[in-house]
Protein chains: 2
Amino acid sequence: MSRIVMKFGGTSVADLDRIRIVADRVKREVDAGNQVAVVVSAMSGTTDQLVNWVEEASPLHDAREYDTVVSSGEQVTAGLLALTLQNKGVSARSWLGWQVPMKTNTVHGSARIEDIDTTEMQKRLDDDVVCVMAGFQGISSDNRITTLGRGGSDTSAVALAAALKADRCDIYTDVEGVYTTDPRIVSAARKLDKVTYEEMLEMASLGAKVLQTRSVAMAMNHGVRVQVLSSFTDTPGTLVVDEEEIVEKQVVSGIAYAKNEAKITLVGVENTPGIAGKIFGPLADDNVNVDMIIQNISEDGKKTDLTFTVPEGDIEKSTEILQKSGHVRYAKLMADKDVVKISVIGVGMRSHAGVAARMFETLAEKGINIQVISTSEIKISVLIAAEYTELAVRALHTVFGLDSDQA
Amino acid sequence: MSRIVMKFGGTSVADLDRIRIVADRVKREVDAGNQVAVVVSAMSGTTDQLVNWVEEASPLHDAREYDTVVSSGEQVTAGLLALTLQNKGVSARSWLGWQVPMKTNTVHGSARIEDIDTTEMQKRLDDDVVCVMAGFQGISSDNRITTLGRGGSDTSAVALAAALKADRCDIYTDVEGVYTTDPRIVSAARKLDKVTYEEMLEMASLGAKVLQTRSVAMAMNHGVRVQVLSSFTDTPGTLVVDEEEIVEKQVVSGIAYAKNEAKITLVGVENTPGIAGKIFGPLADDNVNVDMIIQNISEDGKKTDLTFTVPEGDIEKSTEILQKSGHVRYAKLMADKDVVKISVIGVGMRSHAGVAARMFETLAEKGINIQVISTSEIKISVLIAAEYTELAVRALHTVFGLDSDQA
């Protein structure tokens with residue numbers, strides 16, 4: 001007997017027919033003798049509708065009321081799935097965030113989970129009741145509903161799996177697992193059987209939309225075995241596990257790309273001590289998340305050129321902040337939205353030299369100019385012109401042996 | 001300064017435009033220096049949609065999950081109204097049933113309010129915060145959401161007004177107040193300025209759909225001054241008050257009709273002691289609400305004919321129960337759905353004789369045959385063939401001096 005947490009996203013519970021399919025999947029796990037907790041998102045489209053209403057009602061909305069309105073979507077699916085399970089003869093009950101309780105901090109709209117009291121739920125699981133929990137929501141210390149941010153139901157599921165010490169956390173979604181790269185760009189993309197937490201974390205934060213970054217970090221911290229799989233097919237998905245579980249490590253396990261980056265270059269900045277703080281401090285104060293940074297110092301050492309990337313949506317805000325800020329003197333500010341960040345990811349890089357060189361050579365062969373480079377222990381990212389996205393991803397996918405016919 | 005509870009039904013909060021109109025009305029009361037608590041229903045149509053989903057998910061549904069799903073509608077409007085008020089510069093926050101808490105018993109789907117803890121809400125009201133409460137919902141002792149039954153938001157509002165010792169409870173709806181009878185049938189129907197709790201109670205339970213019966217009973221018990229008025233016009237509504245507040249009492253203040261009645265006649269029942277219990281016991285056990293009853297005893301006293309009414313929706317169930325029940329012997333069972341109950345209501349009847357006689361004469365003059373009669377201190381009801389509904393209501397409205405030109 002295993003204890004399993006199953007999580008179903010919005011497309012998997014889009015209507016009653018799909019909820020019935022979900023119930024069948026849950027029933028199969030119950031019939032196999034497993035204890036099952038289920039985490040559900042809102043029916044697809046519902047959250048968008050609710051968010052639109054909130055924004056129309058009050059453009060500068062109170063995040064506490066936002067959470068009250070928006071969390072209702074998961075409440076509906078939790079109840080409907082419990083009912084559908086009961087109708088199939090499976091004992092089930094729903095749990096809202098405040099009923100568990102799933103305690104969070106008071107940062108409404110993107111709250112962090114602080115504690116989950118699973119006492120009641122454990123009792124029900126021991127009585128073979130399927131516990132259906134509304135994802136995405138919690139309760140703050142001041143007794144108000146909080147939400148965990150878009151895609152937060154993944155985090156709800158992993159947190160619940162950790163609290164329940166579940167043997168597995170199955171994340172059902174509309175893709176069949178984690179791929180070596182986006183199959184819409186590279187038809188030879190392969191589904192990975194296993195991927196490490198670290199790789200998944202990089203992939204999630206670098207643009208792969210399969211799992212929410214926070215949920216992967218939480219899974220890694222608590223050692224929750226996560227499986228990503230499709231709710232529409234019966235093929236096995238991708239297991240996200242500890243590095244030790246992967247016997248034969250690929251040097252590179254995936255190529256990710258992120259189009260929502262923008263590049264800002266400050267030309268001719270006075271090179272004085274503390275200049276970086278003067279530039280990036282005000283951006284951080286306004287919640288602009290600066291990612292890649294490079295600095296070139298002029299021959300005489302008195303001037304420097306600074307290039308960095310920010311989220312595309314923050315480009316206007318960022319240029320405004322830099323133009324207003326009287327502390328920083330520069331000759332020229334250039335902003336470019338037509339860039340893409342391409343990343344090569346793999347835990348094997350730790351023990352295998354030459355990945356960066358091979359990446360740069362490959363791009364050079366295709367005539368692609370690298371604008372910015374950043375690296376970590378298990379990934380290399382480069383910023384290039386957006387028009388080369390497909391060309392670069394396909395070339396790297398082939399050169400690192402990821403194409404399916406080479407597998 | 002007064003403390004007011006304002007309640008808005010589903011048509012009044014049907015979309016964001018209407019919610020803005022509601023917010024303007026609330027703001028007007030706030031600007032006049034009043035402390036305001038607001039109770040809202042779900043957007044019209046939402047509850048029906050949610051109920052349909054529940055019934056489709058599980059025909060024999062778990063009432064606890066029904067309540068979880070269906071209560072989400074009021075949650076959305078409470079948040080949206082709070083946001084809309086904030087956007088107009090009015091301090092406001094939403095309260096869900098479990099947050100107040102509005103404690104109820106555990107009879108899910110038609111729970112009764114047991115206690116409302118308004119400590120927190122009183123504090124906010126004293127700080128000039130508009131408290132927007134989701135109607136129709138509460139929380140049971142086992143920490144689950146309960147609902148109060150269809151139209152339960154009226155009851156939520158009156159209960160809150162009683163708990164807050166509010167000076168008035170304004171029920172905004174899509175009609176302008178309480179009428180002497182249905183204006184769709186009698187164009188000369190008049191809006192009443194005032195009506196007593198007792199009359200309102202009879203009208204509500206006899207088919208007038210303005211207020212939920214339970215909410216009127218609660219208002220009467222707690223002496224809550226209720227005003228029924230339209231959220232679409234600015235005309236004053238009808239005040240539901242204690243009898244003493246009405247100086248000049250009408251003998252008859254309203255004519256009600258209820259079409260959802262059905263008549264069952266058992267012919268040739270053996271007239272033995274305890275026979276009534278044998279007939280009505282099994283019906284009560286199956287929650288069939290028997291209303292009017294008459295019994296005629298045959299000349300020799302050995303046989304009796306029994307006629308009674310049940311809700312139209314329960315007619316098949318009732319005949320089945322009576323046919324199955326082996327304890328009762330009768331010659332023939334006749335069922336008739338084409339009946340209507342017409343009622344004449346007025347506290348003035350207590351001190352004014354001859355109302356019944358005048359009612360029967362009027363119907364006789366129009367050639368309408370009375371099938372069953374039942375009376376209480378302040379109302380007389382008769383069962384007649386449904387085809388005479390309009391004729392009877394109009395004739396009685398005129399004869400009791402209710403037509404607007406006679407007012």
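**Entry 1: cavities.** A cavity here is a set of points on a 1 Å grid over the protein atoms alone where a 1.4 Å probe fits but cannot get out. The model I am reading is predicted, so I kept its cut-offs in view: local features need pLDDT of at least 70 and side-chain atom pairs pLDDT 80 or more, totals for chains, interfaces and linings use all residues, and side-chain values use heavy atoms, without hydrogens and water. Residues are numbered from 1 along each chain as its sequence is written, chains are lettered from A, and ligands are numbered from 1 in the order in which they are written.

The largest cavity has a volume of about 40 Å³, a volume being the space filled by probe spheres set on the points, which are joined across faces, edges and corners. I then listed its lining, that is, residues with an atom within 4 Å of a point. Ser12(A), Arg18(A), Ile21(A), Val22(A), Arg25(A), Ser231(A) and Phe232(A) line the largest cavity.

**Entry 2: Asp117 of chain A.** I found Asp117(A) in the loop between strand S5 (113-116) and helix H5 (119-126) of chain A. Helices (H or I, at least four residues) and strands (E, at least two) are DSSP runs, numbered from the N terminus.

**Entry 3: the eight-stranded sheet of chain B.** I traced an open sheet of eight strands with mixed pairing, in the order S3-S6-S2-S1-S9-S11-S12-S10 (chain B). Two strands pair if DSSP finds at least two bridges between them. Strand S3 (92-95) and strand S10 (194-196) of chain B are the edge strands, each pairing on one side only. Neighbouring strands of this sheet are turned by 20° against each other on average, direction ignored; axes are lines fitted to C-alpha atoms, for helices over the stretch in contact, and angles run from 0 to 180 degrees between N-to-C directions.

Within the sheet I looked at strand S9 (residues 168-173) and strand S11 (residues 226-230) of chain B, which pair in the parallel sense over five bridges. One bridge sets Asp170(B) against Gln227(B) in S11(B).

**Entry 4: the four-stranded sheet of chain B.** I traced another open sheet, of four strands in the order S13-S18-S20-S19 (chain B), with antiparallel pairing. Strand S13 (254-258) and S19 of chain B stand at the edges with a single partner strand each, so one side of each lacks a neighbour in the sheet. The twist averages 20° from one strand to the next.

How many residues of strand S20 (residues 379-385) of chain B are buried? Seven of its seven residues are. Strand S18 (residues 339-345) of chain B pairs with S20(B) in the antiparallel sense over seven bridges; Ile345(B) stands opposite Lys379(B), and Val340(B) opposite Ile384(B). Strand S19 (residues 372-376) of chain B is joined to S20(B) by five bridges, also running antiparallel, and the hairpin between S19(B) and S20(B) goes through two residues. Thr375(B) stands opposite Ile380(B) in S20(B), and Ser374(B) has Ser381(B) as its bridge partner.

I then looked for helices on this sheet. Helix H12 (residues 389-399) of chain B lies across S13, S18 and S20 of chain B, at about 10° to S18(B).

Methods: 1 Å grid on protein atoms, 1.4 Å probe; cavity = no way out; pocket = protein on both sides within 12 Å on 5 of 7 lines; lining within 4 Å. Buried < 20%, exposed > 50% of the residue type's maximum accessible area, 1.4 Å probe, protein only. Contact = heavy atoms within 4.5 Å.
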